[in-house]
Every structure is written in structure tokens, then in C-alpha cells.
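Subject: Structure for you to look at

Hi there,

Here is the structure I said I would pass on. Please open it alongside this email and follow along.

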Amino acid sequence: MISEDDHQLMLAWANLVQVHAVMRTELSRRLEEQADVSLSEHEVLFRLSRAPLGRLRMIDLAELTLQPKSAITRLIERLVQRGAVTRHQPPDNRRTTYAVLTPEGRALFDHARPVYVQGVRELLGDHVTPADVQLLRQRLRAVLNGLEAWADERCDPQPLTDAIP
């Protein structure tokens, strides 16, 4: 027999998984229909738009997005084919590959960003108060810290500004 606390914990976990799945599905649909970009592509464009010079090593991009390197490689290939990203290998280190945001990629991100923000606002923000959001972030940070998985650059990136190239 499990305790009531454990039962509530299992229900909270189930609800968190459900919220993630529902929001991910709907955000994906909106981004694809309104901005012609997948949710995964948006995440990569977001990370590149925040990076110095709009570029990140592929391994760092995989870590920031919590995706396997092979998935990032395929995702970057799709973005390269669209002209949104280029690959760069420094001549002095051919083992390192960077993904670099192009002006076309920046324009694609700028087009998708309001769709994403509005989607998150409607799907999450319309159902909780700003105080709830702050508390949720604190609690999720506590869980990630407990799992030794909190990383400021991934979990708490600086706000976007219009000054980013």
C-alpha cells in the first residue's frame, strides 16, 4: 500500500507529463502552421540567437537542448538545407563543428518567436498567475538541483533583446 503522499506525488508526476505532452503537441502545431518551423527547430534557433556571434559547437547545442548529438546533427542538416544555419569547422581544429545562425535563420526565428510566446502565454500563462509562475520555477529548479541537472545557460538564459545580432 502506498502512502497518500506517494499517491499525490505519482498524480503530480502524471499531470506534469500530461501538461508537457499537451503543450508540446499544440506548440508544435502552431509553429508549423503559422511559422513553418518545428518546435525542435525553434529551440535550436532560440539557442543560436542567444549565443555569441550566433554560433555554438554542436556538442554544446546538444547539451543545451537535451538531445543526443545524432538528433542535433539531423536537425542542423534540415536547417542548413533551409538556409537558416551554416556549419563551420575552424581550420585549426577540424574535430569541432559549429552551427552558425544565418540572417535567414534570424528572420525565421524572429517570425516564429511571437507564435511561440503567444502559444506559451495562452497554453500556460492564461491559467496561472505571475506568482504561480515564479513558484513553479522555484520548485522545478529545486528538482533540477536535486538531480544535479540545473545549468544556468540551459535553464535560466538571459532575456532576449532586440540587440542580439
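Below is what turned up, going from the annotated domain to the pockets, the surface and the charged pairs.

First, a caveat: this is a predicted model.

An unreviewed UniProt entry lists residues 6–145 as "domain: HTH marR-type". In the model that span is 71% helix and 8% strand, and its end C-alpha atoms are 21 Å apart.

The pockets. I would start with the largest pocket, which has a volume of about 2200 Å³. Its lining is made up of 41 residues, and those nearest the centre are His20, Tyr116, Leu124, Leu140 and Cys155. Which helices each supply at least two residues of this lining? They are α1 (4–35), α2 (39–50), α3 (58–65), α5 (103–123), α6 (130–146) and α7 (152–155). Sorted by class, the lining has 24 nonpolar, 10 charged and 7 polar residues.

The second largest pocket has a volume of about 150 Å³. Arg47, Arg50, Ala51, Pro52, Leu56, Leu64, Glu153, Pro157 and Gln158 line this one. By class, that gives 5 nonpolar, 3 charged and 1 polar residue.

The surface. There is a nonpolar patch here, formed by Trp13, Leu16, Val17, Leu136 and Leu140. Together these residues have about 460 Å² of accessible area. Helices α1 and α6 are the elements that give two or more residues to the patch, with α1 contributing the largest share, 3 residues. Leu140 is worth a click: this residue of helix α6 belongs to the nonpolar patch and is also among the residues nearest the centre of the largest pocket.

The charged pairs. Side chains of opposite charge can pair when their charged atoms come close. How many salt bridges does the structure hold? The count is 13. One of the salt bridges joins Arg30 to Glu26, with 2.8 Å between the closest N and O atoms. Both residues sit in helix α1, 4 residues apart, which is about one turn of the helix. Helix α1 therefore makes a handy place to begin browsing, because this pair lies within it.

Happy to go through any of it with you on screen.

Best wishes

Terms used
Residues are numbered from 1 along each chain as its sequence is written. This is a predicted model: local features need pLDDT of at least 70, side-chain atom pairs count only at pLDDT 80 or more; totals for chains, interfaces and linings use all residues. Side-chain values use heavy atoms; hydrogens and water are left out. UniProt positions are given in the numbering used here, feature names are shortened, and annotations may be inferred rather than shown by experiment. On a 1 Å grid over the protein atoms alone, a cavity is a set of points where a 1.4 Å probe fits but cannot get out, and a pocket is an open set with protein on both sides within 12 Å along at least five of seven lines; lining residues have an atom within 4 Å of a point. Grid points are joined across faces, edges and corners, and a volume is the space filled by probe spheres set on the points. Ala, Val, Leu, Ile, Met, Phe, Trp, Tyr, Cys and Pro count as nonpolar, Asp, Glu, Lys and Arg as charged, and the others, Gly among them, as polar. Patches are made of residues with over 30% relative accessible area and no salt bridge: like charges are joined within 9 Å, nonpolar side chains (Val, Leu, Ile, Met, Phe, Trp, Tyr) within 5 Å. Accessible areas come from the Shrake-Rupley method with a 1.4 Å probe; for residues, only the protein chains shown count as cover. A salt bridge is a side-chain nitrogen of Lys or Arg within 4 Å of a carboxyl oxygen of Asp or Glu.
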